[in-house]
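Here is my note on the model you asked me to look over, written as numbered points that can be checked one by one against the coordinates.

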Amino acid sequence: AEFNLYQDSPELPGYFSQMMINQITDTTWVPYAIDRSQWTATANSENNENGNDGPASYMLDGNTNTMWHSNYGSGHNDRPSNTDPFIATINLGQSTTFTAFSYMPRQAGDPNGKFKRYEFYTAQTQEELNTKINETRFRARGEINRSSALSTFVIFDVPITAQYVALVSLDHTDNYATCAEFNLFNGIPLD
């Protein structure tokens, strides 16, 4: 018989919990949101500004009525194939510690583009982030209730420090991706 003990690998995803919150009226979690004023967002598919939908920067504008929308005619689509996932990448501007993130789906109109299945990635550099995405080394993976307007709120069991994060939509049966607001949180009591 053989018995082995192994140390947790820093490459393996940690434990996380997921819940739905009303980010518009919430007073429990939203106070822990990190300032996004120095963040920039890009996506491998995004529409040009068209009313309330447009580029990935709309995920960070603080306006729940605007949203990042993948390209549907007047933007760019850099996915090699239409079956490839939609990837939104956020550069936090500096190494940032956080314990949770939230994805707010589009708040009105056609439900197309609402995430159903996601992966969340973190890294210190864009190159490291791309490698982790290509190797499917995510920090969290889960499902989202597409019929809800509530935000998906994911809390990690340990703080994470990164400069780049990516939110990936794995299920795009309607061939679109959207996000009204994306946030990171820190200081949340973990016990």
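1. The model is predicted, and local features need pLDDT of at least 70, side-chain atom pairs count only at pLDDT 80 or more, while totals for chains, interfaces and linings use all residues. Residues are numbered from 1 along each chain as its sequence is written, and side-chain values use heavy atoms, with hydrogens and water left out.

2. The structure holds 13 aromatic pairs, where rings of Phe, Tyr and Trp (its six-membered ring) pair if their centres lie within 6.5 Å, and planes under 30 degrees apart count as stacked, over 60 as edge-to-face and the rest as tilted. One of them is the stacked pair of F101 and F120, at 4.1 Å centre to centre and with 15 degrees between the planes. This pair joins distant parts of the chain, since F101 belongs to strand β7 (residues 86-104) and F120 to strand β8, 19 residues apart; strands here are DSSP runs of E of at least two residues, and helices are runs of H or I of at least four, both numbered from the N terminus.

3. F101 counts as buried because its relative accessibility is 1%, and F120 does so at 0%; buried means under 20% relative accessible area, exposed over 50% and partly exposed in between, with a 1.4 Å probe and protein chains only. Both residues also belong to one aromatic cluster formed by F16, F98, F101, Y118, F120, F156 and F182.

4. Strand β8 (residues 117-123) pairs with β9 in the antiparallel sense over 4 bridges, two strands being paired if DSSP finds at least two bridges between them. The bridge partner of Y118 in β9 is G142, and G142 lies with A140 on the covered face of β9 (residues 140-143), whereas R141 and E143 make up the uncovered one.

5. R79 lies over the face of F86, 3.8 Å from the ring centre; a charge sits over a ring if NZ of Lys or CZ of Arg is within 6 Å of the ring centre and within 35 degrees of the ring normal.

6. Which residues line the second largest pocket? They are T42, A43, N44, I87, T89, Q126, N130, I133 and N134, and α1 gives the largest share, 4 residues. A pocket, on a 1 Å grid over the protein atoms alone, is an open set of points where a 1.4 Å probe fits, with protein on both sides within 12 Å along at least five of seven lines, and lining residues have an atom within 4 Å of a point.
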